[in-house]
Amino acid sequence: MRQPHQRVLVGHILALGCLVFAGCVPEEAAQAPAPAEAALEGVPRYRRWSARLAQGGQPVGDAGYAALAAEGVSLVLSVDGQPPDREAAARHGLRVAHVPIGYDGIDVGEALQIVRASQEAPPGTVFIHCHHGKHRGPAAAALARISLDGVSSGQAVAGLEASECSPRYKGLYEVVRTFEAPDAASLAACPAPPEAVRPKGTRAAMVELSHLWEGLEAARKVGWRQPPEHPDVDPAHQATLVWESLRELHRASLKDPARAGAYSDLAGESELSARELRDALEADQRLLATQRAEALADRCDTCHADFRN
């Protein structure tokens with residue numbers, strides 16, 4: 001016959017077994033997989049985290065905003081440098097907010113604005129996006145998930161990884177890892193985010209360059225022809241615009257003591273690669289153009305890793 005203390009011990013073991021099999025273990029040890037991305041017209045990398053929160057890339061035209069409205073989205077919160085398309089959003093009954101953030105992290109004021117906008121949104125889903133929907137948007141969505149959905153920092157970091165946020169962006173990961181939901185007083189003291197923040201200086205130039213490069217990449221994928229999704233893109237002309245944009249960034253870097261040296265050198269090398277790409281396209285040397293485009297992309301990656309992150 002078992003002694004009382006033995007029965008207590010067995011009871012604890014059975015109870016622990018029930019917790020394990022029921023999934024009632026610490027959340028860090030039994031995290032549910034991240035929801036998969038869904039195909040949504042005009043909205044790249046759309047991923048819904050909960051009834052209240054979703055993330056993705058920049059909505060494309062009326063089709064993107066119409067798809068978001070059909071998903072029950074009430075607020076589109078952009079953390080990209082480019083202001084959101086307020087007119088397209090309004091046509092589909094959506095509100096917008098703009099809290100542009102960098103790749104090096106999210107400061108306290110930006111984090112508070114992201115959470116406040118998410119909490120004060122009309123009934124429905126808050127859709128948080130950056131340009132491509134891989135790095136800044138998922139990081140901002142992670143802060144909102146911690147604050148609104150009550151997920152842990154570990155779950156939020158796992159969501160960032162599932163979104164394919166590059167480990168190069170250490171500042172974004174660190175913010176999510178250490179973030180705690182703000183209290184009501186902190187949110188009340190934070191100004192509500194505006195509908196649009198106009199980019200200035202280098203940030204504005206980088207926003208413009210990013211969109212020019214997107215059109216150029218689309219042309220490259222179809223053999224340096226006019227891409228169907230960008231009927232306004234002429235490859236050689238687009239390369240000229242990229243070159244001019246990089247030339248201006250290089251000139252600005254030479255006047256800025258804080259960006260002298262390695263940054264200025266990379267900007268100069270990128271400018272040269274862009275000019276060679278333009279020349280190759282004007283001469284209809286497509287193989288050479290592809291090589292120059294790859295060299296330019298490599299230099300941009302190096303600059304991002306060393307200076308943007």
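**View 1. Strands E1 and E2 form a hairpin with 2 residues between them.** In the turn of this predicted model, glycine 42 has a positive phi of about 75°. E1 covers residues 38–40 and E2 covers residues 43–48; the two run antiparallel and are joined by 2 bridges. Look for leucine 40, whose bridge partner in E2 is valine 43. Strands here are DSSP runs (E, at least two residues), numbered from the N terminus, and two strands pair if DSSP finds at least two bridges between them.

View 2. E3 spans residues 53–56 and pairs with E2 in the antiparallel sense over 2 bridges. Alanine 54 in E3 is the bridge partner of arginine 48, and glutamine 55 in E3 stands opposite arginine 47. In a regular strand, the side chains alternate between the two faces of the sheet.

**View 3. Follow the open sheet of 6 strands in the order E1-E2-E3-E6-E4-E5.** The pairing is mixed. At the edges are E1 and E5 (95–98), each pairing on one side only. Neighbouring strands are turned by 30° against each other on average, direction ignored.

**View 4. Helix H4 lies across E4, E5 and E6.** H4 (residues 108–119) runs at about 170° to E4 (73–78), while E6 takes in residues 125–129. A helix is a DSSP run (H or I, at least four residues). Axes are lines fitted to C-alpha atoms, for helices over the stretch in contact (heavy atoms within 4.5 Å), and angles run from 0 to 180 degrees between N-to-C directions.

**Notes for all views.** Residues are numbered from 1 along each chain as its sequence is written, and side-chain values use heavy atoms, leaving out hydrogens and water. In this predicted model, local features need pLDDT of at least 70 and side-chain atom pairs count only at pLDDT 80 or more, while totals for chains, interfaces and linings use all residues.
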